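Hi,

Here is the structure I promised to pass on.

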Amino acid sequence: MSDLSRFQPLDAGAIPRFAGASTFMRLPAATPAEVDIALVGVPFDGGTSNRTGARHGPREIRNQSSLCRRVHHASLTSPFDLLRVADCGDAPVNPVDKDESLASIARFFEDIRKHGARPLTAGGDHLVTLPILRGLHKGNPRALIHFDAHTDTYDEIFGTKYNHGTPFRRAVEEGLLDPKRVIQIGLRGAISHATNYDWARDVGIRLVFIEELRERGLADVMAEAKALVGADETYVSFDIDVIDPAFAPGTGTPEIGGITSFEAQSLVRMLSSVNIIGADVVEVSPPLDQSGLTALTGATMMFELLCVMAETMSARKSDRQALDV
């Protein structure tokens with residue numbers, strides 16, 4: 001196993017949490033060529049249709065992630081003792097040119113892919129997932145496990161096909177995702193028209209509304225999700241608005257009646273063994289929550305995702321090494 005000594009978070013017993021560089025989980029900065037998991041930001045909200053501010057998400061999530069500790073209390077996983085993890089910076093964006101931003105974000109993630117690292121991303125609005133998927137694309141469509149209050153499969157909003165309500169429709173159309181291996185969990189809220197979900201259903205996307213999640217229970221729904229994606233390469237997208245705004249109010253399109261923050265943690269923990277090739281936490285808007293609670297929740301969800309990614313990637317690496325002996 002590679003030397004992990006360089007890729008360790010700062011010791012809060014030696015350097016207090018309010019001191020030192022503001023990096024994800026107080027880790028060192030590095031390049032994608034040096035790591036197994038690249039923690040990155042995409043500070044872009046040019047796809048937002050109403051309440052803005054998610055461009056500030058990565059910076060405040062970094063700040064709040066100083067409260068993340070190194071060992072998961074339930075699984076006892078210490079991701080920093082399994083794989084090389086570091087803060088690999090932010091994707092370049094142009095705040096006044098959406099097309100240029102989509103292209104530069106895609107190139108940033110293509111570079112991560114070519115170096116063999118797997119990205120764990122702080123957004124940004126949900127449009128950023130589209131260029132991430134473009135950058136990670138290797139020719140075959142991927143599976144997707146998507147936690148959200150909304151499907152984000154509209155065709156257009158205000159006459160534009162590229163916004164935070166359309167990324168997964170574009171991703172299916174571009175061959176980045178296989179719709180029959182896509183599941184969206186936690187959906188809820190009033191819609192603009194009774195036909196809003198027709199396209200997603202017609203192409204085979206599995207929609208799990210909050211009522212079904214409550215009736216069946218988290219474990220049953222996640223067992224279905226894991227069976228749907230199987231061993232395939234899977235992207236995980238976590239929109240913070242899947243959580244009830246009582247717990248995470250700082251987001252662009254809040255919908256009451258959502259899951260609790262503990263239920264969100266539980267859902268992500270059940271991703272253990274899924275072959276996650278990348279993941280994101282998006283739509284955290286710090287200006288809409290001056291308490292910092294939403295950004296703290298976003299940082300915590302990134303840590304939960306990091307733990308399951310590190311567990312699975314480390315186990316797969318060990319299996320391959322055993323086969324080579």
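Predicted model: local features only at pLDDT ≥ 70, side-chain atom pairs only at ≥ 80, totals over all residues.

**Salt bridges and who is in them**

Arg169 is buried, at 16% relative accessible area (buried is under 20%, exposed is over 50%, and partly exposed is in between, with a 1.4 Å probe and protein chains only). Residues are numbered from 1 along each chain as its sequence is written, and side-chain values use heavy atoms, with hydrogens and water left out.

Back to Arg169: its side chain makes a salt bridge with Glu173, at 3.8 Å from N to O (the criterion is a side-chain nitrogen of Lys or Arg within 4 Å of a carboxyl oxygen of Asp or Glu). Both sit in helix H4 (residues 167-173), four residues apart, or about one turn of the helix. Helices here are DSSP runs of H or I with at least four residues, strands are runs of E with at least two, and both are numbered from the N terminus.

A search of the whole structure gives 25 salt bridges. One of them ties Lys138 to Glu233, with the closest N and O atoms 3.6 Å apart. That pair links distant parts of the chain, 95 residues apart: Lys138 is in the loop between helix H3 (129-136) and strand S4 (142-147), and Glu233 is in the loop between helix H7 (218-229) and strand S7 (234-239). Lys138 is exposed at 54%, whereas Glu233 is partly exposed at 25%.

Asp220 and Arg216 also meet in a salt bridge, at 3.0 Å from N to O. Asp220 is partly exposed at 39%, and Arg216 is partly exposed too, at 28%. Elsewhere, salt bridges with shared partners join Asp155, Lys161, Arg169, Arg170 and Glu173 into one network.

**Strand S7**

S7 is largely enclosed by the rest of the structure, because six of its six residues are buried. Thr234, Val236 and Phe238 are buried on one side, and Tyr235, Ser237 and Asp239 on the other. In a regular strand, side chains alternate between the two faces of the sheet.

S4 runs parallel to S7, joined by five bridges (strands pair if DSSP finds at least two bridges between them), and Ala143 stands opposite Thr234. S7 also pairs in parallel with strand S8 (residues 276-282), over six bridges; there, Phe238 has Val281 as its bridge partner. From S7 the chain crosses through helix H8 (residues 261-269) to S8 in a right-handed β-α-β crossover, meaning that with the strands pointing away from you, the path from the first strand over the helix to the second runs clockwise.

The largest pocket holds about 440 Å³ of space. Of its 25 lining residues, His150, Asp152, Tyr154, Ile157 and Thr253 are closest to the centre. (On a 1 Å grid over the protein atoms alone, a pocket is an open set of points where a 1.4 Å probe fits, with protein on both sides within 12 Å along at least five of seven lines; lining residues have an atom within 4 Å of a point. Points are joined across faces, edges and corners, and the volume is the space filled by probe spheres set on them.)

The second largest pocket has about 310 Å³. H9 gives the most to its lining, with four residues.

Cheers
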